[in-house]
Structures are given as structure tokens and as C-alpha cells.
Amino acid sequence: MKKMKKLAGAMALFSTMLMLSACGGKKAESPSKTDVDVSKLPEAGDFSEEIPLQLSGSFTRGKVEDGNWVQKKLEEQFNIKIENTKVDTWDAQQTSVMVASGDLPDVFAFTTGGMSAADYYNQGLTRTIPKAMLEKYAPNYCKMLDEENNGLGWKMNLAPGTKDEYVSLLGLQSHTDGILWAPTLRMDWMEKLGIEIPEDAKPVGDSSNNGDRIYMTSKSYTIEELEKILTAFTKNDPDENGKDDTYGMLPWNDNSNWNKTLFGAYGFAKEMNLENDGKLVSVDIYDGYKQAMLKLADWQKKGLIDPEWTTMKEKTAWDKYKAGKIGYWVTQRAYIAQEAWTDGRAPQNILKADPNAKVLVCAPETGPEGKQGEPSWTPVTLLGDGMQISKKVTDEQLARYLQLFDWMTYSDDSYWTLYGEPGTHSDWQGEEGNSALVVRPEFPSEEGNMGFWAYNFRSYPGKHLTWLTYPKTLELMNDFFNKPEVVEKLALRPYKYDLFQETELKELGDRYNAQLQTISDEFFMKGIVGDIDIEKKWDSYVKQWKESGGQAIMDENEKAPLVSDLREGKVK
């Protein structure tokens, strides 16, 4: 699973692009609709003419070698001549140069880019994809759009002024389905301190992978109960070294992963809007946010929070947890399953560092008003990301690429483009043909001379999700994280969301978001560490936030559709 880049990086990239454009970059052409007579294009499956394509994918890191194993097989199967993209599309500087010059691959899905599919199209960098061509050359993609959210995808990414032309292909982000996060506690500390362990707590695995020391319970501790546990972790020497050197919890300051379930106990998730008394309100000025800050400030004052958190990055926090000094941690389901890519991260890193350590995975905390939850990874739908088609691509090239895309993304036979041949290049992690595949260490897991993942899109329908996801993760999803009743209860989504980019929110965000983020971050930090009185300064903070562009953004957000309507496919 690949992590998304931060907004700050995207904003920096946008500034770089402006500077590059000013220094002689290629002037963007005006976008235009595509007039295609599909009857004059080759039939689906007619690969008689060799077609050249410069390909890239969601995982292009500039390390692909020409003539790689996957490339040769795709060229033979689809009669195409592939030109490889030798750029790291996860690097903001490199992608900014490509965008500013207009010298783009025929197809691309930059992980770092700072631009939406609409931005690329409106700047004249990409072409449209007619629905008629999708129906002729990508039937499996069309079937997926029909089935997801009552056909919502057909209404996404439409080119301006059209009803059947699209500015990008959508991915199915099924790896983010359900809820992802859960709080954990050092269970061995609880046992030493005489704190009762829930009766239903059971190991998630066996001793082969320390899974017998990761327990899971359906219990949701209240904030009050959690505070008592954190106090014991801090004050009662749970590591029995005779020193006052343990803490209940350790936040960090470079992302908000640590507060996913804590904030949910107060009815919100960061960076979303809510409905309050019939009106839209931003989380930044929501009363529940203030109450959560007051509680954290109280914990800070009582010494339950490691004071180093103000300068701590998440990766450094992993190491401190591994040292056995922290009792509470919020984690993802893949970490609980100990997928290979999570190695060295908290909380499972403590299991290798301390043979006596145990971890208890709990349901998200319950707040003082009975609220409970965590942010849904996607605000509306699992449809997301985008594969763009460059302006220079001809109809004939698009026809061939759509067939390649449809096969690579939806066929159960395309596993070799990702993992090679099982038994030779990779191994099943469970049942043959129905479990995760992991590339053997003697081969490059991505790109290189094998070309794995070099041309693929971030979309995981059906078996593609199974190949990507460890059996233990799938088991955890079935048992808890993806259970419909759990998701219905716990997944927090925005009140309204501009899915179709019909408002001026992007423009307002470009103008105000940086300043608003600074105002919010400073108030949060100063409030928690005790430099200001949260209660006394709250009204003046709200006033400043609103007057600095926050009110304008909330007013514009009111124009967006209700998320509840979008999820039911109720679109005008």
C-alpha cells in the first residue's frame, strides 16, 4: 500500500511549476472536446498494426530498464512498442519539470503532482476519453463504474460541457475499504499493573510471527477509562526499572495519524466539515475539537503525554515506542497483520525488541457524549486517483491503451505484470491462487529488469486486492474492519463534499488554506502545551479563523452536495 504525499508538498510543487512556466516552459493549449467516430477505429482485439506508446503508471520511479521482462511480454501480447518513462513520478521536482514543459508520457498517474485531472485538462495537457471508446475497448472498467455507488463514477471527471467525455480513468481504491485504524495498549503492562484484560481478548495469530502476542478485543474504552490506564502507564513504573521514564502516549507533529480514533470520540476527524444545528461547520472551529484539545491539554499537564511530541516525527516516534517507553499507540490493520512493508513500525516493533511484550488492539474509544469513530479513508466513494491521457495521444493509440489498461487492471491473468510467475519470481502467502503474492528477494519488487508494477494503475478490483493484501489482513477486515455494521457505526465522513469540482473551493483553498493551517496549528500546539488558555482564547481564535478566509470557505462548501446523497448516487 502506498502512502499519499502531503498537502504541503503539493503546494510547494505548484509554486515550482509556476516558476518553471515563467522561465520558458511550454505554453498550455486550450482544452478541446474529442470528436471520435468509433466505427472507424479497429475492432476490439484487432492488434494487427503495431502501436507506439510511452507508458508510465502509478508506481513509476524512474528505475525501469528498457527491454524488461514485463515489457517484452506486453509488447508481444498487444503488439505495442513501449517507450519507458525514466522519471520518478513520486518526486515533486521531476514531475513539475515534465508538467511545466508539457513533455508528458502518453499515459500518466503522478503520485506527486499537485494538480487534479481537471487541472491537467484545463491547461491543455491532456485529452478526453469518450464513453463510446470506453464501452468498446474497456468493458470491464465500464462494468466496475456501473456497479460502484449506483453508477456515480460515470458522473465523475466529466470534461466541461460534456456528458460523455472524461478527463481521466478512475481507480477502485478497494484497499481502503472499511475502517483502517484501531488504538492499542501495552497488554503486558496492563497485566503487571493489575488492569483487567477484556474477557474476549484473543491472539490474532500464532508464534510463527509473534501473532500470539497481539491480542484483539471488541471493547471500546471510554476516555475516562483510557485516562486511568494512561495514568497507570505513566506513574506506576510498568517496565519495572525503578525509573520515572514511561508515558501513557506519544503524539507526533508531522501528521495526524495518532489522533484518528481519539478525535473520533469527540465526533469529528481532522480536515472535514460537519453538520451542526443545520449548518456546515469546519472541524477547526467545531466545539468537539475544543473539547478534545482541552482533554489533551489536561493530559499534557498531568504528564501523561511524552513532552518530546512537539518536535517528534512519526518515524522517530516508532523508535521510542520500540524502546519500551510508550503504552498507547494508534495503528492500522495492516500493521496488526504485520505485512512485510510495516516491518520496524509501531506497535509490532516492540514484539521483536521485547520477547515479553504484548499488544492489545481495541475498538475506537468512546467519548463523553457516547461518540465513537474514525475518518473514512475516502470521503465519498472508493473511486479515486486518476490515469490521465496526454494531449498528443491519437484515437488509435487510445484504443490500444484502453484494451491494455482493461486487461492489466481487471483480468485475473494479469498477475505477472505485478509479481511475475508464482513459484519462479514470487510466492503465494496462503492458498495458491487466492492469497497475497510476494516477489522473491532476488528480483526487484518494482521496475528494474523485471518491470513489475512499471505500467500498472493504483486500482484493486477482485483478485487484485487479494494479491496485494496479506491473508491475515483480509481476516481482520472480515472479522472487524470491514464488517458492514462496524463501518456504518464508525466511519466518519464529511457533511458535504465537492466531488465534481463545481464550486470555487479550490481557488479559495489556494488563497487561504496556508494561512488557516498556520492559525489552527499554532492554536492547537500552544493550547496543548499550556502557553494559552484554550477556553478563554477560543472565541478570539474562531473569529480570527473566520476572518482569515475560513468563513468564505465554509460558505462555498455549503454549495457542495451532501455526502449522504452522493453515496446513494443521488446526483442532479
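Biologist: Why is the contact between the side chains of D88 and R61 called a salt bridge?

Modeller: A salt bridge is a side-chain nitrogen of Lys or Arg within 4 Å of a carboxyl oxygen of Asp or Glu. For D88 and R61 the N to O distance is 2.7 Å, so the pair meets the 4 Å limit. In general, side chains of opposite charge can pair when their charged atoms come close.

Biologist: What kind of model do these values come from?

Modeller: This is a predicted model, in which local features need pLDDT of at least 70 and side-chain atom pairs count only at pLDDT 80 or more, while totals for chains, interfaces and linings use all residues. Residues are numbered from 1 along each chain as its sequence is written, and side-chain values use heavy atoms, with hydrogens and water left out.

Biologist: Where in the chain do D88 and R61 lie?

Modeller: The salt bridge between D88 and R61 links distant parts of the chain, 27 residues apart. D88 is in the loop between β2 and α3 (92–101), and R61 is in the loop between β1 (51–55) and α2. Helices (H or I, at least four residues) and strands (E, at least two) are DSSP runs, numbered from the N terminus.

Biologist: Is D88 buried or exposed, and what does R61 count as?

Modeller: Buried means under 20% relative accessible area, exposed over 50%, and partly exposed in between (1.4 Å probe, protein chains only). D88 has 15%, so D88 is buried. R61 has 32%, so R61 counts as partly exposed.

Biologist: What makes K290 and D287 a salt bridge?

Modeller: The closest N and O atoms of K290 and D287 are 3.6 Å apart, and that is within the limit, so the pair counts. K290 and D287 are three residues apart in helix α10 (residues 287–301), which means they are separated by about one helical turn. K290 is buried at 9% relative accessibility, whereas D287 is partly exposed at 41%.

Biologist: Why do K219 and E225 count as a salt bridge?

Modeller: Their N to O distance is 3.7 Å, so this pair also passes the rule. K219 is partly exposed at 29%, and E225 is partly exposed at 32%.

Biologist: How many salt bridges does the rule give?

Modeller: The count comes to 32. Some residues are linked in a network of salt bridges, namely E227, K295, D298 and K302.

Biologist: What makes D46, E49, E50 and E396 a surface patch?

Modeller: Patches are made of residues with over 30% relative accessible area and no salt bridge; like charges are joined within 9 Å, and nonpolar side chains (Val, Leu, Ile, Met, Phe, Trp, Tyr) within 5 Å. The area comes from the Shrake-Rupley method with a 1.4 Å probe, and for residues only the protein chains shown count as cover. Lys and Arg count as positive and Asp and Glu as negative, with His and the chain ends not counted. The place of a charge is taken as NZ of Lys, CZ of Arg, CG of Asp or CD of Glu. D46, E49, E50 and E396 form a negative patch. E396, in helix α14 (residues 395–410), has a relative accessible area of 38%, so E396 passes the area limit.

Biologist: What is the phi of N79, and what is that of N157?

Modeller: N79 has a positive phi of about 50° and is not a glycine; N157 has a positive phi of about 60° and is not a glycine. Most residues other than glycine have a negative phi, and most peptide bonds are trans. N79 lies in the loop between α2 (69–78) and β2 (80–84), and N157 in the loop between α6 (139–147) and β5 (165–166). N79 is partly exposed at 21%, and N157 is partly exposed at 21%.

Biologist: Which residues does a cis peptide bond join?

Modeller: The bond joins A346 and P347, with omega about 5°. P347 is in the loop between α12 (333–336) and α13 (349–353).

Biologist: Is D35 buried or exposed?

Modeller: D35 has a relative accessible area of 79%, so D35 is exposed. D35 is in the loop between α1 (7–22) and β1.
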